[in-house]
Amino acid sequence: MQLQRQIRKVVWLLLPIWVISGSIALAESEPTDNRTVVERIEGTAKKVGNKIEQGFSKAAKKIEEKHIGEKIEQKLKKAATKTAEGFKKAGEKIDQKLR
């Protein structure tokens, strides 16, 4: 229990040092241009928007290449046919039992 308190104290004492050293390292790695925060946020938002657009374009291209729409249509037709056959068989069994 006492060891845990000592560990907490050490962590709380070292935490500000880590934060300061981390922020200094980040400040040194940032470009020193005179853009405002709003301009940087705007630039980042545009980059993210472009990446999202590229992702959707790639996904649409893959869907078209793999003919997924056609495959889904075929599977739905097959499922509908199987269901109709199942209902037909069930109807015939009911008819036989009622006779």
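The turns below go through a predicted model, from its helices to its surface patches and salt bridges.

Me: How are residues numbered, and what limits apply to this predicted model?
Reply: Residues are numbered from 1 along each chain as its sequence is written, and side-chain values use heavy atoms, with hydrogens and water left out. As the model is predicted, totals for chains, interfaces and linings use all residues, side-chain atom pairs count only at pLDDT 80 or more, and local features need pLDDT of at least 70.

Me: Which helix has the lowest confidence in the protein?
Reply: Confidence is given as pLDDT, the predictor's confidence in each residue, from 0 to 100. The protein averages 81, and 79% of the residues score at least 70. The highest mean, 90, belongs to α3, while the lowest, 68, belongs to helix α1 (residues 2–29).

Me: In what order do the elements run from the N terminus on?
Reply: Helices (H or I, at least four residues) and strands (E, at least two) are DSSP runs, numbered from the N terminus. The protein has three helices and zero strands. From the N terminus on, the order is α-α-α.

Me: What percentage of the 99 residues is buried?
Reply: Buried means under 20% relative accessible area, exposed over 50%, and partly exposed in between (1.4 Å probe, protein chains only). The protein exposes about 9800 Å², with carbon and sulfur atoms supplying 63% of it; such areas come from the Shrake-Rupley method with a 1.4 Å probe, and for residues only the protein chains shown count as cover. Of the 99 residues, the buried share is 0%.

Me: Which helix gives the largest share of the nonpolar patch?
Reply: Patches are made of residues with over 30% relative accessible area and no salt bridge, joining like charges within 9 Å and nonpolar side chains (Val, Leu, Ile, Met, Phe, Trp, Tyr) within 5 Å. Here I63, I68, I72 and L76 form the nonpolar patch, with about 360 Å² of accessible area together. One of these, I68, is partly exposed at a relative accessible area of 32%. The largest share, three residues, comes from helix α3 (residues 68–98).

Me: Which element gives the most to the positive patch?
Reply: Lys and Arg count as positive and Asp and Glu as negative, with His and the chain ends not counted; a charge is placed at NZ of Lys, CZ of Arg, CG of Asp or CD of Glu. The positive patch includes K51, K58, K71 and K93. Two or more of its residues come from each of α2 (37–66) and α3. With seven residues, the most comes from α3.

Me: How far apart are the closest N and O atoms of E42 and K46?
Reply: A salt bridge is a side-chain nitrogen of Lys or Arg within 4 Å of a carboxyl oxygen of Asp or Glu, and the count comes to two. E42 and K46 both lie in helix α2, four residues apart, about one turn of the helix. E42 is partly exposed at 43% relative accessibility, whereas K46 is exposed at 51%. The closest N and O atoms of this salt bridge are 3.4 Å apart.

Me: Which residue meets K77 in a salt bridge?
Reply: Side chains of opposite charge can pair when their charged atoms come close. At 3.5 Å, N to O, the partner of K77 is E73.
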